[in-house]
Amino acid sequence: MILGEFGVSLSITLIGIGIYGLINSRNIIRILLSSEIILNSTILLVFSISSLFGKVYSPIIFSIFAISMALIEVVVAFASIILYYRNKGSLEVD
């Protein structure tokens with residue numbers, strides 16, 4: 001499978017980039033984007049590992065899972081950003 005080992009190495013690299021951005025950012029939008037990278041690379045890691053073990057899910061199940069996880073994250077993140085901006089008046093993290 002093409003997704004197996006390449007997917008694992010790519011997702012680990014993306015998780016590292018996301019953690020670096022999460023630690024070194026002071027802007028809440030950058031923190032949101034870093035957490036989005038971590039979430040999507042984690043989904044890639046789960047499906048890559050399942051591909052290595054021989055359990056390949058159908059694309060429709062993967063699509064529904066990925067879209068629902070991204071939707072939940074975006075809704076929670078934007079609600080948090082709006083509340084943070086209302087309280088602080090800025091998007092910079094102290």
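Predicted model: local features only at pLDDT ≥ 70, side-chain atom pairs only at ≥ 80, totals over all residues.
Student: Where is serine 25?

Tutor: Serine 25 sits in a loop. The loop runs between helix H1 (4-24) and helix H2 (28-52).

Student: Why is serine 25 called buried?

Tutor: Its relative accessibility is 16%. Buried means under 20%. So serine 25 counts as buried.

Student: What makes the pair of glycine 21 and serine 25 a polar contact?

Tutor: The backbone oxygen of glycine 21 is 2.7 Å from a polar atom of the serine 25 side chain. The cut-off is 3.5 Å. The pair lies within 3.5 Å.

Student: Which residues does serine 25 touch, leaving out those up to four places away in sequence?

Tutor: Serine 25 touches Arg30 and Ile31.

Student: How do you know that serine 34 is buried?

Tutor: Serine 34 is in helix H2. Its relative accessible area is 7%. That is under 20%, so serine 34 is buried.

Student: What does serine 34 contact, neighbours within four places aside?

Tutor: Serine 34 is in contact with Gly18, Gly21 and Leu22.

Student: Is isoleucine 23 buried or exposed, and why?

Tutor: Isoleucine 23 is found in helix H1. Its relative accessible area is 63%. Exposed means over 50%. Therefore isoleucine 23 is exposed.

Student: Which residues make the nonpolar surface patch with Ile23?

Tutor: Ile19 and Leu22 make the patch together with Ile23. The patch covers about 280 Å². Patch residues need over 30% relative accessible area. At 63%, isoleucine 23 passes that cut-off.

Notes:
Residues numbered from 1 in each chain as written. Heavy atoms only, no water. Helix = DSSP H or I, 4+ residues; strand = E, 2+ residues; numbered from the N terminus. Buried < 20%, exposed > 50% of the residue type's maximum accessible area, 1.4 Å probe, protein only. Polar contact = N/O pair within 3.5 Å; in protein donor to acceptor, adjacent residues only side chain to side chain. Contact = heavy atoms within 4.5 Å. Patch = residues over 30% accessible without salt bridge, like charges linked within 9 Å, V, L, I, M, F, W, Y side chains within 5 Å. Areas by Shrake-Rupley, 256 points an atom, 1.4 Å probe, with all protein chains shown as cover. Salt bridge = Lys/Arg side-chain N within 4 Å of Asp/Glu carboxyl O.
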